[in-house]
Amino acid sequence: MSLIQANHWHTSDQFRHQLTASMRHWLLSKGSLTALLEAKFGPVQLATVEEYQCFASRAQAQALAVPLRTALIVRNIALQANNQPLIWAHSALPVTSLQGANKQIRLQRHKPLGKILFQHKNLQRSAIQICQANNYWCRRSVFSVNGQPIIVAEAFAQELMQ
């Protein structure tokens, strides 16, 4: 099951007693995770695990606030430093989110989505939601660029959470 389809997401308030300063730093960061990784580890590489087109499931449609079976582009990647995977990300973008003024967002195979999104002046972001899945701390939020939704969920390597 993808991170986006998981139904165990909560606000950070529900985890406030469990989150250390390091966990809050990574999980609740409002900026680009790529920039945070580069500041701590140096150059970051993106490894594309898979990229495909599909129709939105009920959970994806609900998270994105789009009709069921909306055409999506899905990408699963790993952000690595020193050949060590540190963050795994799952993004789902309605095909319609990549039209018109958002054409330049088209997923670039070797460029993190965050580097593309955080350059937009019309970027809005939902509240960050958090969960624990398979012993990993995860977060997700919906970005909106020019009113078009893009959901991103990330799982963090345990060494970042210490």
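Student: What should I know about the model and its numbering before I start?
Tutor: The model is predicted, so local features need pLDDT of at least 70 and side-chain atom pairs count only at pLDDT 80 or more, while totals for chains, interfaces and linings use all residues. Residues are numbered from 1 along each chain as its sequence is written, and side-chain values use heavy atoms, with hydrogens and water left out.

Student: OK, how many helices and strands does the protein have?
Tutor: There are 4 helices and 8 strands. Those are DSSP runs numbered from the N terminus, with helices being H or I of at least four residues and strands E of at least two. From the N terminus the order is β-α-α-β-α-β-β-α-β-β-β-β.

Student: And how much of the protein is buried?
Tutor: Buried residues are 48% of the 162. Buried means under 20% relative accessible area, exposed over 50%, and partly exposed in between (1.4 Å probe, protein chains only).

Student: Which strands does β3 pair with?
Tutor: β3 pairs with β2 (residues 45-55) in the antiparallel sense over 10 bridges, and 10 bridges also join β3 to β4, again antiparallel. Two strands pair if DSSP finds at least two bridges between them.

Student: Is β3 mostly covered or mostly open?
Tutor: Mostly covered: 10 of the 11 residues in β3 are buried.

Student: Let's zoom in on Q80. Where is Q80?
Tutor: Q80 is in β3, which spans residues 71-81. Q80 has a relative accessible area of 18%, so this residue is buried. Opposite Q80 stands Q45.

Student: What does Q80 touch?
Tutor: Setting aside neighbours within four places in sequence, Q80 is in contact with P43, V44, Q45, A47, P85 and L86. Contact means heavy atoms within 4.5 Å.

Student: What about P94?
Tutor: P94 lies in strand β4. P94 counts as buried because its relative accessibility is 1%. Not counting residues up to four places away in sequence, P94 touches L64, V66, T70, A71, L72 and P149.

Student: How much space lies in the largest cavity, and what lines it?
Tutor: About 220 Å³. The lining has 20 residues, with A89, L113, G114, V152 and E154 nearest the centre. Elements that each supply at least two lining residues include β3, β4 (84-94) and α4 (113-117).

Student: What about N146?
Tutor: N146 is not a glycine either, and has a positive phi of about 55°. N146 sits in the loop between β7 and β8, and at 33% relative accessibility counts as partly exposed.

Technical notes:
On a 1 Å grid over the protein atoms alone, a cavity is a set of points where a 1.4 Å probe fits but cannot get out, and a pocket is an open set with protein on both sides within 12 Å along at least five of seven lines; lining residues have an atom within 4 Å of a point. Grid points are joined across faces, edges and corners, and a volume is the space filled by probe spheres set on the points.
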